[in-house]
Amino acid sequence: MTQRLYLADSYLTEFEGTIEAISGEKVVLNQTAFYPTGGGQQHDEGTLQQNGRSFHVYDVRQEKGKVVHYVKNAEELERGPVTGRIDWDRRYGLMRHHTLLHVIGSVIYDLYGGLCTGNKIYPDRARIDFNHIDDPSESEIESIMQETNRRIQQNHPVRYEEVSREEAETQSDYIKTAINLLPPSVKKVRLVVIGSIDTQACGGTHVRQTSEIGTAECVKFVSKGKNNKRFELKTL
Ligand SMILES: [Zn+2]
């Protein structure tokens, strides 16, 4: 298992680690701040530095409990100490759009009882699908975005709690939806708590307070079926 430093500190951009294995372009460290694609959120990019040389990390994936870094010229790296650096602009964009999805999720749940059925998060945009809502009119979309931006501007703090799976399952349907997607082997659940507006099981990276998200805009609404009412969003 790779220790995932981004879970404790999503603002960590540089870290020291040890290369434990190299195979082709795949590099595994004992610990990493690089986020691997998962939970809808795209992977980080950045560099690994060793012996005065810099190697480009262009993809990061989870494979069998390990975080695997895909690195250009990895054959020239060696096992041992290494410094990792995250491309912060990319990561911060991912964090802002990820946290935005929590906020709009709280709005859709409060207004319509709709639950998230899927999402995709990029550095410059994101999309989220909901069930339990009819196709909204333009003015409804406007109201949803107004309420989303109102909650963002309230500047709620974001904090984390670790609870047992059983404890998390006793909470609302809203949280259960995400927990049901976790494999049975997962016994501890990480809850992300955004002020008084949102509590959700999530292993992604978020900003510290909602004002960092900026102003949210709905670029497009698309109905992909009754369980996939899709909002395409970006922040300004
Ligand atoms: Zn999240």
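Helix α2 (residues 88-112) packs on helix α3 (residues 138-153) at an angle of about 125°, and their axes lie 9 Å apart. Axes are lines fitted to C-alpha atoms over the stretch in contact, and angles run from 0 to 180 degrees between N-to-C directions. So α2 is oblique to α3: angles under 35 degrees count as roughly parallel, over 145 as roughly antiparallel, 65 to 115 as roughly perpendicular, and the rest as oblique. The model is predicted; local features need pLDDT of at least 70, side-chain atom pairs count only at pLDDT 80 or more, and totals for chains, interfaces and linings use all residues. Residues are numbered from 1 along each chain as its sequence is written.

The α2/α3 crossing is right-handed (the near helix is turned clockwise from the far one by less than a right angle). From α2, the contact takes Val-103, Ile-104, Ser-106, Val-107, Ile-108 and Leu-111. From α3 come Ile-144, Glu-147, Thr-148, Arg-151 and Ile-152. Contact requires C-beta atoms, placed from the backbone, within 7 Å. By class, 7 of these residues are nonpolar, 2 polar and 2 charged.

Now the whole protein. It has 5 helices and 15 strands, which are DSSP runs (helices H or I, at least four residues; strands E, at least two). The radius of gyration is 19 Å, close to the 18 Å that the globule rule gives for 236 residues, so the protein is as compact as a globular protein of that length. The rule is 2.2 Å times the number of residues to the power 0.38, and the radius is taken over C-alpha atoms. Along the principal axes, the C-alpha atoms fill a box of roughly 55 × 40 × 35 Å.

Definitions and conventions. Contact = placed C-beta atoms within 7 Å. Nonpolar A, V, L, I, M, F, W, Y, C, P; charged D, E, K, R; others polar.
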